[in-house]
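Student: I am new to this structure. Could you take me through it in short steps?

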Amino acid sequence: MENNKDILNNTNNNYVIEIEHLQKSFDGRMILKDINLKVKKSENVVILGKSGIGKSVLIKCIVGLIFPDKGSIKVFGKEVTQMNHKELNEMRTRVGFIFQSNALYDSMTVRENLEFPLRRNKIINDKKEIDNLVYEALENVGLTDVIDKMPAELSGGMRKRISLARTLILKPEIILYDEPTTGLDPLTSREISKLINTIQNKYNASSIIITHDLECAKRTSNRILILQDGIFYAKGSFDDLKTNNDPFVKSFFITV
Amino acid sequence: MKKYLNNIFNRKKHKEGKKSTYDFKPSWLQNFLLELGGLSRFTGNFFRELFSYPFEIKEFLKQSYRMGLSTLPLIGITAFIMGLVLTLQSRPVLVDFGAESWLPGMVSVSIVREIGPVITALICAGKIGSGIGAELGSMRVTEQIDAMEVSGTNPIKYLVVTRVLATTFMIPMLIFYSDAISFYGSYVAVNMHGFISPQLFITQAFDPLHYFDIVPATIKTFFFGFAIGIIGCYKGYYSTNGTEGVGRAANSAVVISSLVIFIIDLIAVQLSEIIHIFSI
Ligand SMILES: Nc1ncnc2c1ncn2[C@@H]1O[C@H](COP(=O)(O)OP(=O)(O)OP(=O)(O)O)[C@@H](O)[C@H]1O
Ligand SMILES: [Mg+2]
C-alpha cells in the first residue's frame with residue numbers, strides 16, 4: 001500500500017480491478033475485514049451475500065465513493081486511494097456504477113438524466129449525436145416512450161431500467177451493478193441479464209454484479225463470490241457452488 | 001454528519017498510512033465544534049470550487065430564477081403589511097409630540113436599516129434555506145449526489161456553488177424589493193389619516209436616510225444571502241439516516257441560518273457604529 005511507485009508494473013497484466021486486504025469499519029463496526037478480489041478483463045463476477053453485509057460498501061470503495069481504512073484497490077492498474085481529482089474523474093468515466101436506489105435525478109426528465117453524463121464529460125457536444133445516443137440507450141432497455149417523463153412518474157422497474165441506460169450510455173469498460181434485477185418481473189429480469197451478457201460480449205466489459213436473483217447470477221456469472229463476515233466465504237462457478245456441501249453456501253441455492 | 005467527518009478524517013489518515021478508528025461519543029460542545037469545523041471546511045471547499053473552471057452559469061441562473069420567483073409573493077405580502085403596521089403603530093406617539101411629518105422618515109429608517117433586511121432574510125431562511133436543505137438532503141439519501149460524483153461532475157461545484165451564489169445575489173435583491181413594497185405599505189398607512197402626495201411622502205421618507213444607513217444595510221444583505229445558502233447546502237449535503245434525515249436537514253438549516261442572521265446583524269451594527277464614528 002505504501003509503495004505506490006511500481007504502478008508501471010501493473011500495466012502488463014490483464015486484471016482491471018485488483019483489491020488486496022481491503023478493510024472498512026463504520027462507527028467501530030468492521031464491515032469489510034479482508035477482501036481480496038481480482039477481476040479480469042471481460043469477466044463477470046457475481047457477488048452474493050446477505051442484506052447489510054457490505055456488498056454495496058465494497059463496490060463504492062472501488063469507485064472512490066467510500067474511503068477504505070486499509071488495503072489497496074487498483075482500477076486499471078492505478079491505486080484508487082491515491083488518485084487526485086482529475087485521475088478519479090478519468091477513472092470514473094471508464095467505470096459505470098448502477099446504484100441500488102437507482103439515483104435518478106428527480107429534477108430532470110428521463111432525457112436530461114441520460115444526457116447528463118454525456119454533456120458533463122464533454123465527450124460529445126453535437127445535439128443530434130446526443131439525441132441518437134439517448135435513443136439508442138433507451139431502446140436497449142426497451143423504454144423509448146418515456147423519454148420526456150419525470151422519474152417520479154415512472155414505475156420502480158422502469159426507473160431501474162432508466163438507471164441502467166444512463167450508466168451504459170458512456171459505454172464503460174467496467175460496470176458495477178448493484179442489484180440490477182431487484183424489483184423487476186421475471187421477464188424483465190431475464191432481459192436485463194441478457195443485456196448484461198450482451199454488454200460483456202459486445203464491448204469486452206468487465207462487471208461486478210451484486211444480486212439476490214439466482215437466475216441472474218446463473219445467466220451472467222463467470223465466477224461467484226459469497227460475502228460473509230467481511231471476507232469472501234466461498235468462491236467458484238455457479239455449478240461449483242450449487243453442488244457445494246457447506247450448509248451456509250447451500251442456503252443461498254435453495255430454490256422452491 | 002459525524003460519519004462524514006470521520007470519513008474525511010480517515011481519508012487524511014489513510015494517506016498518512018496510519019491506523020484510524022474514531023469511535024468516541026461527542027458531547028454537545030464537541031458536537032458544536034465538529035459542526036463548526038465541518039462548516040468551515042465546507043466553506044473552504046466552496047471557495048476553492050468557486051474560482052475553478054468551468055462555471056455553471058446555466059444552473060446558477062436557473063436557481064436564481066427559481067428562488068426569486070418562489071418567494072416574490074410571500075415577501076410582497078409580508079413587506080406590505082410590515083410597512084403598513086409599522087406606520088400605524090408609530091403614528092400615535094409622533095402625533096403626541098406633534099411630529100407627524102417625521103412619520104415617513106422614521107419608518108423608512110427602521111425599514112431600510114433593520115426591519116426590511118432582517119425580516120426578509122428570515123423569511124428567505126424559512127423558504128429558500130429549508131428548500132435547499134431538503135433538496136440536497138433528499139439527493140444525498142437517494143444517492144443522487146453520489147451518482148453525480150461518479151459521472152464526473154463535482155457536486156460541490158454543480159449543486160453547492162450555484163445555489164450559494166444564487167442566494168448571495170438574490171437575497172439582496174429580494175430585500176431591495178421588500179423595502180420598496182414596505183414603503184408603499186407605509187404610504188398607504190399615512191394616507192389613511194388625510195391625503196399626502198407621493199412626492200411629499202418620498203421627500204419626507206428619504207430625507208433622514210444617509211449613505212451610512214444604506215451602505216452597511218446593503219452590504220450585510222449579501223452576508224445574509226451567503227449564510228442562508230451555505231448553511232442550507234451544508235446541512236443538506238451531509239444529511240444522513242434516510243428520509244428522517246432530510247427533514248432534520250431542512251429543519252436545522254432554518255434554525256441555524258436564522259440564528260446566524262441575527263449574529264451577522266449584530267456584527268454589522270457594531271461595525272457600522274465604528275465606521276460612523278470615524279467618518280465624523
Ligand atoms: N455511509 C455509511 N455510514 C455508516 N454506515 C454505513 C454506511 N454505508 C453503509 N453502512 C453500513 O454498512 C453495512 C453494509 O451496508 P451495505 O449497504 O453495503 O449492505 P449490502 O450488503 O449492500 O446490503 P443490501 O443487500 O441490503 O443492499 C450496513 O450495516 C450499513 O449500516
Ligand atoms: Mg446494497
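Student: Which residue in β2(A) does A:K24 stand opposite?

Tutor: Keep in mind that this is a predicted model. Strand β1 (residues 15–26) of chain A and β2(A) run antiparallel, joined by eight bridges. A:K24 has its opposite number in β2(A), and that residue is A:L32.

Student: Which residue in the turn between β1(A) and β2(A) has a positive phi?

Tutor: The two strands form a hairpin, with two residues between them. In that turn, a positive phi of about 50 degrees belongs to A:D27.

Student: Which strands stand at the edges of the open sheet in chain A?

Tutor: The open sheet has four strands with antiparallel pairing, in the order β2-β1-β4-β5. An edge strand has a single partner strand, so one side of it is left without a neighbour in the sheet. The strands placed this way in chain A are β2 and β5 (78–79).

Student: What is the bridge partner of A:I98 in β7(A)?

Tutor: Here the pairing is parallel: β6(A) and strand β7 (residues 174–178) of chain A share four bridges. In β7(A), the partner of A:I98 is A:Y177.

Student: Are the residues on the two faces of β6(A) buried or exposed?

Tutor: In a regular strand the side chains alternate between the two faces of the sheet. On one side of β6(A) are A:V95 and A:F97, and on the other are A:G96 and A:I98. Both faces are covered, and these four residues are all buried.

Student: Which residues coordinate the magnesium ion (ligand 2)?

Tutor: Two residues do this, at 1.9 to 2.2 Å. They sit 44 residues apart: A:S56 in helix α1 of chain A, A:Q100 in the loop between β6 (95–98) and α3 (110–120) of chain A. A:Q100 is partly exposed, with a relative accessible area of 36%. The coordinating atoms are OG of A:S56 and OE1 of A:Q100.

Student: How much of the accessible area of ligand 1 does the protein cover?

Tutor: Start with some contacts to oxygen atoms of ligand 1. Polar side-chain atoms lie 3.1 Å away in A:R29 and 3.1 Å away in A:E179. For A:V57, a backbone N or O atom lies 3.0 Å from an oxygen atom of the ligand. On its own, ligand 1 has 630 Å² of accessible area, and the protein covers 71%.

Student: How many helices are there in chain B?

Tutor: The C-alpha atoms of chain B fill a box of roughly 75 × 35 × 35 Å along the principal axes. Buried residues make up 48% of its 280 residues. From the N terminus on, its elements run α-α-α-α-α-α-α-α-α. With zero strands, the count of helices is nine.

Definitions and conventions. Residues are numbered from 1 along each chain as its sequence is written. Chains are lettered from A and ligands numbered from 1 in the order in which they are written. This is a predicted model: local features need pLDDT of at least 70, side-chain atom pairs count only at pLDDT 80 or more; totals for chains, interfaces and linings use all residues. Side-chain values use heavy atoms; hydrogens and water are left out. A polar contact is a pair of N or O atoms within 3.5 Å; within protein, one must be able to donate a hydrogen and the other to accept it, and residues adjacent in sequence count only if both atoms are side-chain atoms. Accessible areas come from the Shrake-Rupley method with a 1.4 Å probe; for residues, only the protein chains shown count as cover. Donors are N, O and S atoms within 2.8 Å of the metal (3.2 Å for Na, K and Ca); water is not among the atoms, so sites may look incomplete. Buried means under 20% relative accessible area, exposed over 50%, partly exposed in between (1.4 Å probe, protein chains only). Two strands pair if DSSP finds at least two bridges between them.
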